[in-house]
Amino acid sequence: MPVLFAHALVQQSYSTLNPASPQARLVDRLGDSMFITAAVVFGLVVLALLWAVFRRRDSDEGPAEDARREWPLRTSALVATAVTTAILFVFLILDVSVGRSITTNPGKGALQIRVTGHQWWWEVQYRDSLPKNWVTTANEIHIPVGRPVVFELKSTDVIHSFWPISLSPKKDQIPGDENSLWFQADSAGVYRGQCAEFCGHQHAKMAFLVIADPPAEFASWLARQRDTALTPTDALARRGKEVFLASPCVMCHAISGTPAGSRIGPDLTHLASRRTLAAGTLPNTRDNLIGWIVNPQVIKPGVRMPPNQFSGPDLLALVAYLETLK
Amino acid sequence: MCSRFRDSVILSAVLALSLAACQREERNFQGLPSGSAVANPKVREVELVPGGNVPADSRPGPYEENAYAVSQGKTLYNQYNCSGCHFQGGGGIGPPLMDADWIYGSRPANIYETIAEGRPNGMPSFGRKIVPDQIWQITAYVRSMSGLLRKDVAPGRTDDMQVRPQEQSAQKAKPVQSAIPKSAEIP
Amino acid sequence: MISAADSGPDDGQWIMPARNYASTRYSSLSQITVQNVQQLQLAWTFSTGVTRGHEAAPLVVGSTMYVVTPFPNLLYALDLTQPGAPLKWTYKPDPSLASQGVACCDLVNRGASYYDGKIYYNTLDAHTVAVDAKTGKEVWKTKVGEITRGETVTMAPLVVKGKVLVGNSGGEFGVRGWLTALDAKTGKLAWRAYHTGPDKDVLIDSRFKPFYSQDQGKDLGVTTWPGDAWKIGGGGSWGWISYDPELNLIYYGTSNPGPWNPDVRPGDNKWTAGIFARDPANGEAVWAYQWSPHDLFDHDGINEQILLDLPIKGQTRKVLIRPERNGYIYVLDRTSGEVLSADPYGYITTSRGVDLQTGRLIEIAEKTPVTGKVVRGICPAAPGMKDWQPSSYSPRTGWLYIPHQNLCQDVETGEANYIEGTPYVAATVKMYAGPGGNRGVVTAWDPVARKAAWQVKERFPVWSGTVVTAGDVVFYGTMEGWFKALDARSGKPLWQFKTGSGIIGQPVVYRGPDGKEYVAVLSGVGGWAGAVVAGGLDVRDSSAALGFVNAMKDLPQVTTKGGMLYVFALP
C-alpha cells in the first residue's frame, strides 16, 4: 500500500521506485523481495501472535500437560528461528551480490565524469585522454544511453552525497577523499538527482539533472561544450559581455574564451544550454536569470553569490549576453 | 539560598550567556545596505588636521564581532587570491598583514578603503569587483590576522597544511598607524 | 674548449651580462691571481640609493661603467677615468608604481646590454628602453607587455644581429609567455614568439625539427593543455639567452606553467619549462626540448646555457651545458637538441633521472602534488637545485662554477581561480634546508668527467652569480654580504670582504683605464631568496614569499637592506 501511494505522489523520473538503469533495477528488486518477504513474515508473526493470545486454555491444566505441550512448542520455535536465519542468510547473499555487481568497475569502455560537490552546486568535469577535450560544466550531467558511466566523486568543502535518484544508489563525496559509483541509463530521459547528505543552509536546494541522450546526440552535445564561448554578434550582447567582464561576476565565474577563469562558482560558458539555474532550483528562463543575478539571497538564502547592483540597461545587456552562451 | 531561587539564577545566567553569543553567529544574507555610509566609508588616513581637535575616525567595522562573517572573509581572502600576494599574513608581493605595521591605517574603514580603492605601490583596486558586504568580511578577517579581534570571533585552525599559528591565538599587536613601509624603495 | 660562440678576444670590457654570447662569464685578465688575491682591497664604492634586491651585472664599456638598479630601474653611468668613478649621468625611466604589485619575487632587474652605442635594458612595467651610452638620453622606449595582465619584465636583454631580445615574467600570474625581438635602432617590433598556443604563434614551421618524438606534432602548444588553459599557461622567458654566431641560433629557456597546481592543467603543457633554439632574424624555431613536461614543482627552465665544444665519446660535439632547476646538469647537442647526458648535482627526491632514449624526465609518483593533499620532502624545492643565478666556465680548468642551493619543501596545492592581474598559483609551500643543513653550495663541475670537482657549502643559498678569471680565481657573494674569492682548482677560500648587505648580484671583472684589473659587484639583498628582508616580511608565516620565508627566517638577523656597488682591485 505505501508503495502505491508513494508511486502516485512522485514523478516518473524522480523516484527510487522507478528504476531507469540496470543498477537501480537490481536494487529495486532487492528491495521489493525484501519487502515482500518481510511482509509475509510479518503476516505469519501476526497470525502466530493472534493464535497465542486467543488460544483456548483449560484452567486446570497441570504441569504434566505443560510438559506434553512443551516439545511441539520448542520445535516450532527452533524451526522458526532456523527459517529466519536462513532467510536472513539469503538476504545477505542477495545483498552482497547486488552490492558487488553495482560497484564492480565496468571497465575501459565507460565514460569518466568527475563530479565535485560544492556548497551548494555541482561541478561536472568530463575528462578525456586528450586534455584539450576536457569539459567543465555545472549542475547538469549529460550521459549517453546504454554506455556505462563512472563518476569520480569529490568535494571541496563539506560532505555531500551524489544521488541520481532513479539511476543509482547514492555515494558520499568526502573532502580529501575520492569515491566512485557507476551506472548505465536504459533509455533517454531527464532524471533528477539530489544531494543526500546534509551540507549546510541550502542542502535542500542542491539538485542536479542527469540527462540521458542517444549516443549521437550526446556526442554533439559534448562537442558543443568543448567550444569556447563565441564573441556575440548582437550589439546588446556585446555590451553585455563588457558588463560581465567589468563586474564582480569575473571574480567567481569562468567563461571560456574570455579572461574570466575563476572556479569559485559554476562555469558559465554554456549557461544557456542548461535547463535549470542554481542547482535545479529554478527553470532557466530569462526572468529567473534576472532575479537570480539581482538577488540570489531571496531565492536561496546563504548561497555564496551576493546580491548585485546593475543599472537597468546593463542588466538587460548582461542577460542578453548570458543567453548567447549556448 | 533556597533551591528554586538558585535554579532561576542559574537559568538566567545561562540565558544571558547564550543570547550574548548570538551576535557572533548572525547570518546577514542580504548583506549591508550598499547605499549606506557604513558600506561606503569616507575615511581619513592622516593624523594632521589644521585647526586641530578633530577626533580620529574610529567607527567599528560591521563584522568585528561576527564569527560567521570572519570565516567567510577568510574563505574569500584565499579564493580571491589575496593570499597570492599576502600569503597567510607574512607577505610576499604585498606587505605582511599579521604584524603591527599598517602603512595605510589599521582601522576597519582604512582597510576597507585599501581594498576598495587600491594603493599606489601595487595594491589593486577591488571596489568594482567585490561587493561592499564581502569587502567588510575580508576586512574583518584581515584584522583577525594580527589578533585585533576577540578570540571567540577569530578563526581557529584550518585543515590545511599549517603554516602559521591560528588567528585565534595571534597575540594582539598594537597597531602602528601609517608606518613607513618596510619595503620602502623609492630613492 | 670554448667554442667559436665566444665572441672574440677579451678586451677587458664587459658589454653584455654573460660577458659573451657563449655565456662563459670568464675573464682572461690575470693580474689578480691565486697568490695575490689576498691583497685585494676596496677601490671605490657607489650607492645606488635603492634598497631592493640588486641582481644586475654592472657593464663596462670603454671607460664607463653602467649600473641598472632594481625598481625604479635607474641607469647610472660612472666615469672610470676619474678617481672615485664619479657619476656622469642618471637616466630615470619612471616605471609605473603599480607594476610593483605584479612582480612575484622582489623588484629585481638583471641588468643591461650594450650594442651599437646604446645601452638596452628593461623596466619592471614591461617596457624596453634604449639609452644613448654617451649622453644618457633616451633613444626609444617600447611597451612590450601589459601589467594589468600580470606581465612584468626583469630579465637582461640580449642584442643579437641588430635585434633586442626580451622575454616576459609572470608565470605566477597566468600570463602567456613570449620572447620578443625589437629592432635595435628603432625599437619597433621585429617578431614575437609565444611559448604556448598554436604553431603559428610559437613560430613553429617547416624548419622545426625537435629531436624527441614527444616534441613532434602539430599545435602541441594547444593540444597538451585542457580547453584554452594555454592562454593563461605561463612559459615566460625571464632568464638567460645564449647565441652561437656560427650556427646562427639563439638558445633560451621558458618558465614554469601556470598555475603551480598541476591537476588543473593535465597534459605536457608545451612549451613551458623547456628550451628553444631559434633563428634570431625571424624567430623561427629550429628545435625545442622540455626539461620538465607537465612541471609539478615550479621548475622554470630559464637558467643559463653555456655553449662549449666538448669531447664526448671520442668526438668533439657542439654542446650547451645547462645546470637545470630540476636538479640535473644537462649536456645537449646544440645543433639538434639531443640530450647527451643529465647528471644530478644535488639531492633529488622528485625524479630518478632522464631517460636518454625518450628524453623524458622520470618522475617519482609519490612526490606528485595532489589537490588538497600535503606532499612532503620534495627535493629540490621550487627554486630548484639552481635558480636564475648564473654560473661561469673556465677554459683553463674546464670546469663550471655553479652557485646554487640545497632546499627541500612541503607543498599543498589547492583550488586555482584565475582572476586576471592576481596571482594564479594555487599552492601553499614551506621550504627548508636539504640534507646537510647548508642552504647554499658552490659547485665546481667537470662536464667531461660528469661529476663535481669540489663543493663549498654556504649557510644561505648562493643567490649571486659567479665569475672566473684567467688568474684561476672564482668570485661570488653570499647573502650575508661576504664577497669571496676561491681558488678555481681546489675551491680553497682565498679572500673575502664584508659588504654592507647581502649579495645577489652578478660579479664582473674588467680592465680599468689605468690598466689595472678590477672586480665589481652590487650588494643589496633581495630577490626571491631575500624577499624576507627586502620586503620586510613576517617570519611567523612559513608560507610567505611562496614558501621561501620558512627557509630564510634567520636572514633578517644577519643582513639588512642595501644598495651599493663595490669595486675591488690590487693595491
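How much area is buried between chain C and chain A, and what part of it do carbon and sulfur atoms give? About 1200 Å², with 58% from carbon and sulfur atoms. Buried area here is the accessible area, taken with a 1.4 Å probe, that two parts lose on being put together, summed over both.

Some ground rules before I go on. This is a predicted model, where local features need pLDDT of at least 70 and side-chain atom pairs count only at pLDDT 80 or more, while totals for chains, interfaces and linings use all residues. Residues are numbered from 1 along each chain as its sequence is written, chains are lettered from A and ligands numbered from 1 in the order in which they are written, and side-chain values use heavy atoms, with hydrogens and water left out.

Back to the interface. Chain C brings 17 residues to the contact and chain A brings 16 residues, contact being heavy atoms within 4.5 Å. On the chain C side, C:Thr223, C:Tyr418 and C:Ile419 lose the most area to chain A, together 31% of what that side buries. Polar contacts join seven residue pairs between chain C and chain A, both residues at pLDDT 80 or more. That term means a pair of N or O atoms within 3.5 Å; within protein, one must be able to donate a hydrogen and the other to accept it, and residues adjacent in sequence count only if both atoms are side-chain atoms.

Now chain C as a whole. Its C-alpha atoms fill a box of roughly 60 × 55 × 50 Å along the principal axes. Chain C has five helices and 38 strands, these being DSSP runs numbered from the N terminus, helices H or I with at least four residues and strands E with at least two. Of the 571 residues in chain C, 72% are buried. Buried means under 20% relative accessible area, exposed over 50%, and partly exposed in between, with a 1.4 Å probe and protein chains only.

Next, the cysteines. How many disulfides does the structure hold over all chains? It holds two, a disulfide being a pair of cysteine sulfur atoms within 2.5 Å. One is formed by C:Cys104 and C:Cys105, with sulfur atoms 1.9 Å apart. The torsion about that S-S bond is about -100 degrees, so the link of C:Cys104 and C:Cys105 is left-handed. C:Cys104 is partly exposed at 26% relative accessibility, and C:Cys105 is buried at 17%.

C:Cys379 and C:Cys408 are also joined by a disulfide, S to S 2.1 Å. This pair links distant parts of the chain, 29 residues apart: C:Cys379 sits in the loop between β25 (374-378) and β26 (392-394), and C:Cys408 in strand β28 (residues 407-413). The link of C:Cys379 and C:Cys408 is right-handed, with 110 degrees about the S-S bond. C:Cys379 is buried at 3% relative accessible area, and C:Cys408 is buried at 4%.

Last, two cysteines of chain A. The sulfur of A:Cys252 is 8.9 Å from the closest cysteine sulfur, in A:Cys249, which is too far for a bond. A:Cys252 is buried, at 16% relative accessible area. A:Cys199 is buried too, at 4%.
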